[in-house]
Structure formats: C-alpha cells, structure tokens
Amino acid sequence: MKIKKFAALLKVSVQSMLLSSTNARRKSRKKAATGVGAMVLIGFLGLYMSGLYSAILMEVLAPLHMEVLVFVFMGIGALVGGLLFTTFAVKGVVFGGRDNDLLLSMPVSSSMLMASRVSAIYLENLVFSFFVMVPAGVVCALLSPNGVGRDLLFWVRLMIAAVSLPLLDTALSVLLGALTAFLSAKVSKGALGQNIMMGIFFAAVFYFSFNLNGMIQGLAANAAEVKESLSWAAPLLWMGEGIMGSWLRLLAFVLCCVVPFGLMVFGLGKVYRKAVTAFQARSARHDYKLSAQTFSGQKKSLLRKEARRFFGFPMYFWNAGMGLVLLLAAGIASLFLRDDLLAFVEIAGAGLLLPMAALVIGFCLCTCIISAPSISLEGRYLWILREAPVKEQDLIWIKVGFQLLLSLPCTWAAGICISLALSFPLWQAAVLLAAMSVFAVWQAVFGMLMGLYFPKLDAVNDTVIVKQSMPVMLGMFVPMAVLGISGILYWLGGLAAGWLALLLPIVLWALLAAVCTAVLVKKGPALLQAL
C-alpha cells in the first residue's frame, strides 16, 4: 500500500518537474512530448559538455596514465551542473508547490511526500549525470592506450558511480534550495542575493571557458600535483579511482552519496510540514506610513510589473534572460580576444566573418525567451489583468515590448563590439545591426504567439513554466531552426552573388516578423480573451 502511495506521489512530483506543455484540457500526449523534450535538452547539454571536454582532457592525460582525473573533472561538472539546474527548482517543486496544501491534507505521511518530491529532483540530476559520465567512459575506452574501459566490470563500476552521484547532488540541491526558500521568505531582497549567486557562478564559467587552453597545458605538465591538490574533493577522487578499478574506493564514494541523501530525506521529512508553512509565510510589517502616492500611466505601470517579475524571480531571469548575459559576454569577450579573432580571419577568410557574427548573436537571442512564458506566468491571476481598464492589445504588446527593451540594446552592444573587434567596414556593421534587430523583433513576437497558443495557466509552480513549458521550448528551438535554414539560404545565395547571400536571410527574417506581427495583431486579443 505504501509503495502504491509513493508511486502515485512520485508521478505527481515528476509531472510538476518535467511535464508542463499546455493547460489540463489539452491531450496528455502533448504533455508527454514536453516532458521528453525537457529531458532531451538536459541530456544534450550533458552530452555536449562531456563529449567535448572529456575528449580534450583524455588526449592530454591518457599518455600520462592519469585517466582518473577525467572522471574527477566530469564528476565535478555533473555535480555543479546539477546544482545549477535544480537548486532554485527545489524552492518551487519541493517547498513551493501550489498543491502542497492539498497533498499535505491527504492520508500520507509528510516524510513520504518529502521523499517523492526529492525523488523527482533526483531523476533530473540522474539524467544529467548519466549523459556526463557515460560519454566520458566511451572516450576513455577509445583513447586510453592501456585498454581501460574495454572490460565489463569497468562499465559496471561506471554505472554505479553515475547512479550514486545524483544522490549527493540532490542532497546538496535540497539543502541549498531550503536555504534559498528561507531567505526568500524572511528577507525582502532575497531575489537580489540569488541573482548575485547566479552571476558569480556564470562569471566563473566564463572565466573557465576563456582560460581552458592554459589550464589544460598546466594540467599536462603537473598532472600528479593537480591530483594531490584535489584533496578537498576526496569523494570525487574516490569515484574516479573506483571507476578505474578500486572497488573499496567506489564503496566509500557510494556511502558518501547515500548517507547524506538518507539523512536529508529523513531529517527534512520530519519537519516538512513546518518548513512548507514557514517558507510560504511572510513577516508582518509594522512600519506603514501615510505618504503621497505617485501617478504613472497604464503602460508604464504594466512595464514596471513585468520588470518586477523578471528581475525579482531569479529562475525567470537566469533561464529566460540568459541570452542577454551571453550577448554582453560575447561583445566584451570579442574586444579582449581581438588578436585571436583577427588570427582566425586569416584562416577562415574575411567573407565568413559577417555571417558568423550574425550566427553568434542570433544564437544568443534564441536563448532570450522573456515573452514566451509571460502569459503563463500570470497563472490564476490573469483575470485581474483582463478586468483592468486596459485593452487586450495593449497587454500583449507591453509584454513583447518589455523583451525588446532588454534584447535590442544588448543586441546593439554586442554587434558594435564585435564589429569593432573584427574591423568591419561601416556598411557591414550597419547590415549586422539591422539584420539582428529584425531577428530580435521576430523572435519576441513569435514567443508571444507561442505563449498565447500554448498557455499553461495551471502549473504547480512558476519554475515549471520558465524551465520546461511548451512556449519556452518552441520559443527557443524554432528560432534556432530558422537560423539553420538561414545558413542554408546564405550558402545558396553565395553561389549566385555575395549580395544575394546577405539578402536572403534578412528577407526571411523580415517576412517572418511581418507575418507573426500581423497574426498577433489580428488574433492576439481573441486568444487572450479565450483564456
């Protein structure tokens, strides 16, 4: 009986974590497609990171018989990546679910409910861990000169490590998520602290990316010393040595994962009901004062509302606004790496620089998905906006305009910096800025259309909407597909004339922007009224 209850609770928790396509009246087949899409995205990120960096590291470390460090570094990557994906999700899924009151009133223990919520987090970490550790094992089997990775027991040990590592990751994610939820409930500026933490993390990622070559050279020269310096990551060292053949070290690593996970589930399960109540509470204020109230117009008030949600909800900011960060980072990096880029010009040829710059900016814009989930984030309070003395058309374009207020300046800044770094002629810089502005407008309008056609107004929490909803998926991957088609058009146009190669992608983006804008103007208000 308990197993059936736990299975039912786990199914609900996994759905709240992964399935978030459209509203509940739509077919469950679409929900399943969105869940699969979210898992595919997580797996692709892990596969890309592991396939690239494990191959680079293995080429350097295999001749030194230090393959163990590859698994240590991939383990650190899986651990940090899992924390990034799930720490802030814990706040919504484990402690902030909208169905917590209903589930806590059912005849199930709070410990069982806590275990089901945590198991959903574990499954997401498991997917990422699997697609990080297994490719590293494949690379080891292919590149190691001493036959490591070519026997069955190696893969058994690797699977044990890949299944155990997410337990440690989940325990850390839940504890950090509980701290985040507590600070958000007790500190009025909790979102600022979360944004600072995420900013520091991404600054470290960018620093690591830009200094990777120097790190690998230092690793090749001092591999043994690097291994000794990793004593602070002893469990991951045990994992690497266990995968390479030490069953005793592997057992020690498994215990380091299982014990904290069990203590976390048992300890927080005992106080889960109190924790959920405390994290959702707000301290009463006693400093209210009568003062003059400023007046602002309807549009300005709605823009401020969008800004408060975007900057005040870290999960929304760092998932939907990652493209803004990437645009600024790409522009600044191009100025600092100007010599390397100019050296690349001599290899690739000046004719490819403009389309490659457009590709970089376009990819960053594809990850800027602010308008796509904005309708769904209104949730059950959408009726308040609809009852306000504001036209549906204005509500829609305010949300589109808010994304453009952020994406266009970042696009221009990145375009100007890249143009200066690559010494583009004035006409090429103008073409780049104009073309990417058109792409940014289309991408924002298209995201709003997806939000109106595939709304999710009954999600268990806002994190699900921002991370895995159907509008977010379509708003990101469809523009990426359009970039790919644009590359084909550029190649086809280049077979005839250089000016035609530049013209065809721009015409495609302008046509898409015009069509989507016309559809939004004509059908947008009706779609909003139907919600």
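Analyst: A residue is called buried when its relative accessible area is under 20%. In this predicted model, Thr 170 has a relative accessible area of 0% and is therefore buried. Thr 170 has its place in helix 6, which covers residues 152-186. Leaving aside residues up to four places away in sequence, Thr 170 touches Val 118, Ile 121, Tyr 122, Asn 125, Phe 261 and Met 264.

Gly 493 belongs to helix 23, formed by residues 470-494. With residues up to four places away in sequence again left out, Gly 493 touches Leu 500, Ala 501 and Leu 504. Of these contacts, Leu 504 is 11 residues from Gly 493 in sequence, and the C-alpha to C-alpha distance of the pair is 6.9 Å.

As to confidence, the average pLDDT of the chain is 79, and 76% of the residues score at least 70. Among the elements of the chain, the highest mean pLDDT, 93, is that of helix 21 (residues 426-453), whereas helix 7 (residues 190-210) has the lowest, 59. The pLDDT is below 50 over residues 19-34, a stretch with 38 contacts in the model beyond near neighbours in sequence. Residues 283-288 likewise stay under 50, and the model has two contacts for them beyond four places in sequence. Where pLDDT is low, predicted coordinates should not be read in detail.

Terms used: Residues numbered from 1 in each chain as written. Predicted model: local features only at pLDDT ≥ 70, side-chain atom pairs only at ≥ 80, totals over all residues. Heavy atoms only, no water. Helix = DSSP H or I, 4+ residues; strand = E, 2+ residues; numbered from the N terminus. Contact = heavy atoms within 4.5 Å. pLDDT = per-residue confidence, 0-100. Buried < 20%, exposed > 50% of the residue type's maximum accessible area, 1.4 Å probe, protein only.
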